[in-house]
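These are my notebook entries on a structure I had not looked at before. I went place by place and wrote down what I looked up.

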Amino acid sequence: MQNSHLMGNYGDRALTLVGGQGSRVWDDQGKEYLDAVTGLAVCGLGHSHPDVADAVAEQSKSLTHCSNLFNIPWQQELGDRLSRLSGLDKAFFCNSGTEANEAAIKLCRLYGHSKGIEIPEILVCEGAFHGRSLGALSATWGSKARNGFAPLLEGFTHIAYGDIQAVEASASENTVAVMLEPIQGEAGIVIPPAGYLKQLRDLCNRKGWLLVLDEIQTGNGRTGSYFACDHEGVKPDVLATAKGLGNGLPIGACLATEKVAALLVPGTHGSTFGGNPLVSRAACAVIDTIENQNLCERASQLGSWLLDAFKQELAEVDHVIDIRGAGLMLAIELEASCGELVAAAADAGLIINVTGGNRVRLLPALTMSDEEAQLLVDTLCPLIKNWQAS
Ligand SMILES: *Cc1c(COP(=O)(O)O)cnc(C)c1O
């Protein structure tokens, strides 16, 4: 396809998808695919979910947008639901994960200043992905995303992920917060040792630091609980989420405790589109569906089944280094770069993703059927077995 008027930041895009239903998508040639990525963990309910479609259709006929100059009852509703689910008191709505993190970073700076710290320092992690705006990019790790964009923001120190000893060793009197993903997504589903989040929570309590969790990818049922921090019973001070929240409508949320949220007084932050009636109503429909259909439990159960199936099928394959996952965030790590598997899978009628060079990443819909899960295993495993490092 000729993308002559589009910037080149996405490179060549091989497929043109024109339709989707549940875990199936179709391209412009009429070929059907099983989608194990769902728009990068966005369409957790599957494509074209009827509850979301109805919410969008109805709301678009009454009021799509009015700006945050006005009360938005659906935004209030969504705030109530997310507060109940997170245990946090207040929500700010924006249009993407990056913006949710941007709000979180600004809260950390306000918090630092409120304590008399002029140059607040946030501890962030090696391997982290927090987005590509200059603030979020400064918190992100890795030359591929960062190179060429200097000067980035000061006030971020990267520490080893999953290593509780590294945290205190890298802190200073200017440290105000620790910001991290409960499971690193873009890095290739990196799961920290059990107890790490709880230890971080305790450390933050002791030091008076904010614990900021980026649940943009892990949230909204993906890992088998509504938020990944629920697995360890940890409540952060600030939580950012997006991706699965709108099932394809652009919405992000930054949630915070009453005390931290109180730092954002009128005029200090905002968004024109953020939390408009259309996206807020869609997100309410998403949450209602996740709850009514027990999709967190489904993600947990289906994820365990898939993990076991992959481990069994690929047990004897030498070039498979590791198979891991939490709920429906799964990775199969190979011994060398395997980007070519994406095209091979597409040929076989399967959408997968490769991240970190050598990690096959799977983010299937929480609504995927048992038969589709079996088809995923039956299609992917032979491709991985037959793969050879080039
Ligand atoms: C995708 C992602 C982001 C960025 O979200 P956008 O909606 O692309 O801005 C930030 N953090 C994590 C953990 C992500 O997975």
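**Entry: Leu152 and its surroundings**

I began with the contacts of Leu152. Setting aside neighbours within four places in sequence, I found Leu152 in contact (heavy atoms within 4.5 Å) with Leu134, Leu137, Ser138 and Arg146. Leu152 sits in the loop between helix 6 and strand 6. I take helices (H or I, at least four residues) and strands (E, at least two) as DSSP runs, numbered from the N terminus.

Is Leu152 buried, partly exposed or exposed? Leu152 counts as partly exposed because its relative accessibility is 22%. The cut-offs I use are under 20% relative accessible area for buried, over 50% for exposed, and partly exposed in between, with a 1.4 Å probe and protein chains only.

Two notes on the basis of these entries. This is a predicted model, in which local features need pLDDT of at least 70 and side-chain atom pairs count only at pLDDT 80 or more, while totals for chains, interfaces and linings use all residues. Residues are numbered from 1 along each chain as its sequence is written, and side-chain values use heavy atoms, with hydrogens and water left out.

I then looked at Pro151. Pro151 is also in a loop, the one between helix 6 (143-146) and strand 6 (156-159). The peptide bond from Ala150 to Pro151 is cis, with omega near 0 degrees.

**Entry: Asn276**

Next I looked up Asn276, in the loop between helix 9 (258-261) and helix 10 (277-292). Asn276 counts as buried because its relative accessibility is 9%. Its side chain reaches the backbone nitrogen of Leu278 at 3.0 Å. The side chain of Asn276 also reaches the backbone nitrogen of Val279, at 3.1 Å. I count a polar contact as a pair of N or O atoms within 3.5 Å; within protein, one must be able to donate a hydrogen and the other to accept it, and residues adjacent in sequence count only if both atoms are side-chain atoms.

Which residues does Asn276 touch beyond four places in sequence? I noted Thr64, His65 and Ile72. The C-alpha atoms of Asn276 and Asn71 are 9.9 Å apart, and the two residues are 205 apart along the chain.

**Entry: Thr175**

Thr175 lies in strand 7 (residues 175-180). I noted Thr175 as buried, with a relative accessible area of 3%. The side chain of Thr175 reaches the backbone nitrogen of Ser172 at 2.8 Å. Leaving out neighbours within four places in sequence, Thr175 is in contact with Ile117, Glu121, Leu123 and Trp209.

**Entry: the ligand**

Then I turned to the ligand. I counted a residue as near if one of its heavy atoms lies within 4 Å. There are 13 residues around the ligand, and the closest are Gly97, Thr98, Asp214, Gln217 and Lys243. A polar side-chain atom of Asp214 is 2.7 Å from a nitrogen atom of the ligand. For Gln217, a polar side-chain atom lies 2.8 Å from an oxygen atom of the ligand. For Lys243, the distance from a polar side-chain atom to a ligand oxygen atom is 2.6 Å.

**Entry: the cavity**

How many cavities of 30 Å³ or more does the structure hold? I found 1. On a 1 Å grid over the protein atoms alone, a cavity is a set of points where a 1.4 Å probe fits but cannot get out, and lining residues have an atom within 4 Å of a point. The largest cavity holds about 50 Å³ of space, a volume filled by probe spheres set on the points, which are joined across faces, edges and corners. Its lining includes Ala41, Gly44, Asn220, Arg222 and Leu366.

I looked up two of these lining residues. Ala41 lies in helix 1 (residues 38-41) and has a positive phi of about 65 degrees although it is not a glycine. Ala41 is buried, with a relative accessible area of 3%. Asn220 is in the loop between strand 8 (210-214) and strand 9 (238-241). Phi of Asn220 is also positive, near 60 degrees. Asn220 is buried, at 4% relative accessible area.

How values were computed:
On a 1 Å grid over the protein atoms alone, a cavity is a set of points where a 1.4 Å probe fits but cannot get out, and a pocket is an open set with protein on both sides within 12 Å along at least five of seven lines; lining residues have an atom within 4 Å of a point.
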